Amino acid sequence: MECQFARNNAQPHKFFQTSGDSLSSLPPSTMSQLPVFNPPSPFLAHLPAGLGIYRKITIRGKMTHDQFNINLQTGPNTNPRDDTALHISIRPRDGVIIRNSIQFRSWGIEERFGGCPVQKRSYFDVTITVKPDSFGIAVNGAHYCDFNHRLPYASIRFIHIGEGAKVDAITSE
């Protein structure tokens, strides 16, 4: 589904909202690229250069529901989901931020330790940093955890955000 939604750097910008269906029929050149501001949810952005060492992606927004997901994945498909190097599921009601990966349509082993420093209806800032052996995850400016690479970080070409939060910005540096 294509919709004109917001402006990116004062230019009209096309956003692609996902509805759980495959987006593989959309040419990658027409999908959004970072940075994006006030994207709809769910939302998919293409990372044409992939992710390099020490590159950072930051997602800022406000929790609106009990769960919000962030996926760094190799392809644009969400149902079934393409290989996902990092799945983050923020779940304030359960008091946890789950980390996992998907390979060949199979989930890996969840990591659930660390609590949940994000509350429902609160603002959050999640920064993901690509390190040589892991993703560094910071929440609200503080280091939260490291998630060891299970897939090559260089294979990541898309970021998908789910429903459950009003996202203000997705940026990279």
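**Entry 1: the model.** I am working from a predicted model. I kept that in mind throughout.

**Entry 2: burial of β6.** I looked up residues 68–73, which make up strand β6. The strand is mostly covered, with six of its six residues buried. I took buried as under 20% relative accessible area.

**Entry 3: the two faces.** In a regular strand, side chains alternate between the two faces of the sheet. I therefore checked each side of the strand separately. On one side of β6 I found Phe68, Ile70 and Leu72, buried. On the other I found Asn69, Asn71 and Gln73, buried as well.

**Entry 4: the β7 side.** Which sense does the pairing of β6 with β7 take? I read it as antiparallel, over six bridges. β7 spans residues 84–91. Leu72 stands opposite Leu86 of β7.

**Entry 5: the β13 side.** How many bridges join β6 to β13? I noted four, and these strands also run antiparallel. β13 covers residues 158–161. I traced two of the facing positions. Gln73 has Phe158 as its bridge partner. Asn71 stands opposite His160.

Notes:
Residues numbered from 1 in each chain as written. Predicted model: local features only at pLDDT ≥ 70, side-chain atom pairs only at ≥ 80, totals over all residues. Heavy atoms only, no water. Buried < 20%, exposed > 50% of the residue type's maximum accessible area, 1.4 Å probe, protein only. Helix = DSSP H or I, 4+ residues; strand = E, 2+ residues; numbered from the N terminus. Pairing = 2+ DSSP bridges.
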